[in-house]
Amino acid sequence: MYNVDMFTEAGIELPPTKAEDAWTYDELLAIAQKLTKDRSGNDATSPNFDPENIQQFGIHYGLGWNCWYSLVLSNGGSYLSEDGTRFTLNEPEAVEAIQKIADLINVYHVSPSSAQATTLPSNSVSLQTRRVAMAINGSWTHADLAQAEELNWGVGVLPILKEYKSYFHGGSLVIFKSTSNLEASLKLHNWIINPANQLDLHRGLWIPQLASWYTDPEKIELWAKEGEPGRPVGFQDAVMRSTFEHSEPSPENCIVNFAEIDAIVSAALDNVWNGTMTAQQAMDEAAVKAEPFIAGWIY
Amino acid sequence: MVVGTGTAIRRKSAVVAHENRAGWLFAAPAALGLALFTLWPMMASLYYSFTNLTISGKASFVGLANYRNMFSGNDLYFYHSLGVTARYVLYSVPLKIAYSFLLAMLLNQSVRGKSVFRTIFYLPTIVPSVAISMIWMWLLNPDLGLVNEILRSFNLPTSKWIYAKDTVIQSLAFMSMWTTGTITVVFLAGLQDIPRHLYEATSLDGGNAWSKFRHVTVPLMTPTIFFNLCTTLIGSFQVFSEAYIMTGGGPDNASLFYVFYLYREAFTYSRMGSASAIAWVLFIIIMAVTALVFKTSDRWVFYEGGR
């Protein structure tokens, strides 16, 4: 998502809303550089640019797996090998993608480091107060943006390296095999996943889990009608279709021991985001530590 | 001493019994609270530490498996978090003790506005730790933080503070000095207990300020230092909220304190059995360290009036 006014004032074309038009990393970088300004007003392409006094970041790339993993997928990388026996974030495709995100911070200074990010308010507020021009994060942020009445914001598709890839990120509803109330549990489950039962939540915070809500125009109108507070023009292409049509399974829900593995990977990535290690070094170290936890895909 | 007659003794024992009953009644709320909310959970956690209890599952007895898993090094974080915590203790305890001792000496001077100063220095202690952590995150911010800004204005090298692996522990230890109000108050009470005549005697013998400090203040303060050392040690081993709020244990687990590791085991991975074992190991470590300090105390703690 992005602040429309910041783009128009800088005379920059708005981010694309269709997956097939998605910016490549280099296109994203060039635009983010123009939209990054230091306190004296120099943008990040200027030779006088002072990276220690950045007033406005071109982009705020989220540093959780739910943000960086789409670029890894886009480059043909993956968390685990297809047969689920190997950790593969240390292979070239994944490493390249991770390194490119770190470079946005440490080489080009267009996205905040973890330390800089702590001085930024939430995405919705930092877009509104012009601390950042674009933010890459989950669509749940739209619930906050819906409240930001002063803000003229829009949504675009994610940047790509090779192919457009995204995923649905959310908690899993679990019914235990040992349950003695299978029928009642199923009934509750079916009630929860039917967006009709909590439309309000689906107009910003959540997105539907049932495929028909992405294809049936009547159902789409119920939760994704453009022009509603959390649903700017372009939402149906940029968020709804781009995700639905290019979705990969989310690692959180389909990798055994994901919590343990992610703890190892995130800790190692700290070193990449703050520039003390290359993505290759950090992921090679993580691969060794994660090895005992690798136990395949769930599906 | 007058020996009581039979009835008097009987009456007296009735009074004693009555007083005992009243005593037990008065103590009951505290004793019940201790039993229900401290002893019982402790015993339960001791039991669970030998099981594989998770939040959603049933517990089955696994013997020493949780402990073996920790000590064998299978657990990636056990020795690491012990090391991190030990380093924090080594940095923060001497800092806190020395700083609050000096502060107490200053606050013990008779200057105008003494009580105002005392209030000011105690204030941070009553600020909730979340608020403190948020304030310090701003102060220590590498780009915009006040601390680096001051260093820059003196042309001194700046630091990444809590955002770099090799400075995060030192930064948190440094920050912990700020909330030593309680220790300072105890020191202050101790200082006020030192008889004035000892200082006078030192002056009469030609002693200067240093000899007063070295030969009167410090020896007479050793019981207070001892007490503060024990409580600070125990508190420092249990450091948690800074890691939870400010660093999330990072960067790269560099501030993964032992209690934060325990918390993660319990509430991220929901392995209650293993978390209980982790807690008991900490309990034993703290007991051992405290016992060690007690053991050395005969050599350096001086009690007035004997010993």
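What percentage of the 307 residues in chain B do buried residues make up?

1. The model is predicted. In chain B, 28% of the 307 residues are buried.

2. Chain B has 13 helices and zero strands. Its pattern along the sequence is accordingly written α-α-α-α-α-α-α-α-α-α-α-α-α. Chain B is more spread out than a compact globule, because its radius of gyration is 25 Å, well over the 19 Å that the globule rule gives for 307 residues. The C-alpha trace of chain B spans about 75 × 65 × 35 Å along its principal axes.

3. For contacts in chain B between residues at least 6 apart in sequence, 66% join residues at least 24 apart.

4. The contact between the chains involves 14 residues from chain A and 15 residues from chain B. On the side of chain A that touches chain B, helix 5 (114-117) and helix 13 (258-273) of chain A each supply at least two residues. Helix 13 of chain A gives the largest share of that side, six residues. By type, the residues on this side of chain A are four nonpolar, six polar and four charged.

5. Within chain A, helix 3 (residues 65-74) packs with helix 4 (residues 92-106) at an angle of about 135°, and their axes are 8 Å apart. The angle is why helix 3 of chain A counts as oblique to helix 4 of chain A. The crossing of these two helices is right-handed.

6. Helix 3 of chain A brings W68(A), L71(A), V72(A) and S74(A) to this contact, while helix 4 of chain A brings A94(A), A97(A), I98(A), K100(A) and I101(A). Seven of the contact residues are nonpolar, one is polar and one is charged.

Key
Residues numbered from 1 in each chain as written. Chains lettered and ligands numbered in written order. Predicted model: local features only at pLDDT ≥ 70, side-chain atom pairs only at ≥ 80, totals over all residues. Contact = placed C-beta atoms within 7 Å. Helix = DSSP H or I, 4+ residues; strand = E, 2+ residues; numbered from the N terminus. Nonpolar A, V, L, I, M, F, W, Y, C, P; charged D, E, K, R; others polar. Axes fitted to C-alpha atoms, helices over the stretch in contact; angles between N-to-C directions. Parallel < 35°, antiparallel > 145°, perpendicular 65-115°, else oblique. Left-handed = near helix turned anticlockwise from the far one by under 90°. Rg over C-alpha atoms; globule rule 2.2 N^0.38 Å. Buried ≥ 20, exposed ≤ 12 C-beta atoms within 10 Å, placed from the backbone.
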